[in-house]
Amino acid sequence: MQSPTAPQPHITVTGLTMAYGSFVLMRDLTFSINRGDIFIIMGGSGCGKSTLLKILVGLKEPAAGTVLYNDVSLWEVPPGERDLILRRTGILYQSGALWSSMTLAENVALPLEQYTGLGPRDIRELVSLKLALVGLAGFEDFYPSEISGGMRKRAGLARAMALDPEILFFDEPSAGLDPVSAHLLDELILELRESLQATVVIVTHELASIFAIGTNSVFLDVDKRTMTATGNPNDLLRETKDPSLRHFLTRGEE
Amino acid sequence: MSAETATSPTKAAAGQELARPDASTLVVRFGGAFALGLALPGLEELRGALEAEPRPARLVFDATDLTRWDSRFLVHCRKIMDLARAAGVSVETAGLPAGALRLLELAAKVPERKGAARTATREAWLARLGGRSQAAWQAFTEVLDFLGEVTLAVCNLARGRAVMRRSDFLALLHSSGAQALPIVSLISALVGLILAFVGAVQLVAFGAQIYVSSLVGIAMIRVMGAIMTGIIMAGRTGAAFAAELGTMQVNEEIDALRTLGVSPMEFLVLPRLLALVVMMPLLCIYADLMGVLGGFVVGVFMLDLNPAQYLAATWDSVALANFWIGLVHSAVFGVLVALAGCYRGMHCGRSASAVGQATTSAVVTSIISIIIATAIITVICNILGI
């Protein structure tokens, strides 16, 4: 479907400024996320990675600039249309954000019940498939408080994938996971990207993940209050002259 | 509406065809789009074909005409594979789209955890009764535990060893005292007003409207002022205690205190208990005054009584004992509301809905115990003759 020579932009960000009241967090962010990318939003703590994600998924309005999904501006269309765009996305929150009073099956089923006309049996089958995909077959009737943090994260991923999204967003997917689980989650993300032909956007500062799975990235510099680089993280490491980016990509060793 | 009855299996746009190129092979040929929101072909024909003589030995997929697919296609394939496996037919998945094939492998990679799936069991009524009684007994011992721990915390406080922050205590005094003044004013003034109206209807008939003052005075100061503040504080502050401590329980903040060696009883429950025990009697005195004021408004403006006369009659009729009894009521209510709120909060489950339940049961427990305590105190006063 996609040819590697001519990347199609899936999300295009132009001149974006993020601010809380009069406090400007980042200004002049311009980059595009191509179809099939594993796009990393990276930067030190407090640089606004999560805020950028919130703007991309429609939770927070930018102070200036545009976010285009294909050719539609997310923040300039009426809210109803924005919901339609966002329904084609799935988000995995940092701690899973599963609804604690619902079982895993009910958590995954809710988007399906809301947005598809499927009957309870079809939904149950789809839910079992999604949970099996993230390695949680048989845990349908567990409550989020009864499973481990890593399992909660995977269940959150099953919920994010419920509607077969075109774009999957991850907020710090490996935070709070042991290295092996983090690696397995990375593999899972790669596998799902390949099989579902989805675009993946990841907010993270885990260098291991950044280099292992990232195909494109943007670096947010805390001190300069803007982005200083975009591109494949491995290329950035090889080519960059910017001291703060080098510092970040080498864990402060260079 | 189930997809299986919605379309005729062979000719639908999102369809599947079955073919038998040779005696041992059954080919399932998919065509069109398999996606959310579209009707999928049924499996009846396939079930028949799997059992038709001569029995096929293997099942082969052909997806060359498949235009679009998503998770529902995977579910459909899994069903077909399960059916084939049940019929003893081997499945060759090579004909499926590469992405679908990988996802199916991924889904099968981690086997279903044995014993993880839960089945709803129905217990016999005797077992249910036994379970309920055990749960009730356990709840009772938990309450005793809690009361014991609170008592120990109070003892520690008396010995000056309790760990609790002054600023927390002061903030609680403010939120459960001063901030409650507006609602206490409104409710108790209205209760005084209502009492005066109800009494006036009867007393005016005897020309004894001056006794409205003693009716309102004694009722408010002896018991109503305390009960009204108790109920207001149960809904206002008791609920807040339960919600706050419950949320701390959900966020593991209480565990964090325990592991730090700080007793949550001293650090969280004690300041709340003290704040309410100090503030309830003060609020009660204030409510008494507002209630008398409500009666005064009715007496003076509706019944045309002399203001000085009304106040003098109130002063004469209300014995000081009534005032003290009211204060005892309110101090007891303060303890009950604080304990109910803190107990429900500390024993909250670890989910958002558990916080809601804890808050609800804190208010219900407080109000029930306020009414029961009033009854007990009234009986005791009656026996003692005060």
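In chain A, β1(A) and β2(A) form a hairpin with two residues between them, and A:Gly21 in the turn has a positive phi of about 60°. The structure described here is a predicted model. Chain A and chain B touch one another: 26 residues of chain B are in contact with 30 residues of chain A.

**Strand pairing in chain A**

- A:Thr12 has A:Leu68 in β4(A) as its bridge partner.
- As a general point, side chains in a regular strand alternate between the two faces of the sheet.

**The interface between chain B and chain A**

- The area buried between the two chains is about 2500 Å², and carbon and sulfur atoms give 60% of it.
- Five residue pairs are in polar contact across the interface, both residues of each pair being at pLDDT 80 or more.
- On the side of chain B that touches chain A, the elements giving two or more residues are α1 (3-6), α3 (71-86), α4 (98-109) and α13 (352-384) of chain B.
- Of these elements, α3(B) gives the most, with six residues.
- By class, this side of chain B has 12 nonpolar, four polar and 10 charged residues.

**Salt bridges**

- The structure holds 18 salt bridges over all chains, and the count between chain B and chain A is four.
- B:Arg102 forms a salt bridge with A:Glu194, and the closest N and O atoms of this pair are 3.8 Å apart.
- Within chain A, A:Asp242 forms a salt bridge with A:Lys224, with the closest N and O atoms 3.7 Å apart.
- This pair links distant parts of the chain, 18 residues apart: A:Asp242 lies in the loop between α8 (233-239) and α9 (243-249) of chain A, whereas A:Lys224 lies in the loop between β9 (216-221) and β10 (226-230) of chain A.

**Domains of chain B**

- The domain assignment divides chain B into domain 1 (3-109) and domain 2 (141-384).
- The centres of domain 1 and domain 2 of chain B, taken over C-alpha atoms, are separated by 69 Å.

Technical notes
Residues numbered from 1 in each chain as written. Chains lettered and ligands numbered in written order. Predicted model: local features only at pLDDT ≥ 70, side-chain atom pairs only at ≥ 80, totals over all residues. Heavy atoms only, no water. Contact = heavy atoms within 4.5 Å. Buried area = accessible area lost by both parts, 1.4 Å probe. Salt bridge = Lys/Arg side-chain N within 4 Å of Asp/Glu carboxyl O. Polar contact = N/O pair within 3.5 Å; in protein donor to acceptor, adjacent residues only side chain to side chain. Helix = DSSP H or I, 4+ residues; strand = E, 2+ residues; numbered from the N terminus. Nonpolar A, V, L, I, M, F, W, Y, C, P; charged D, E, K, R; others polar. Domains from an automatic or database assignment. Pairing = 2+ DSSP bridges.
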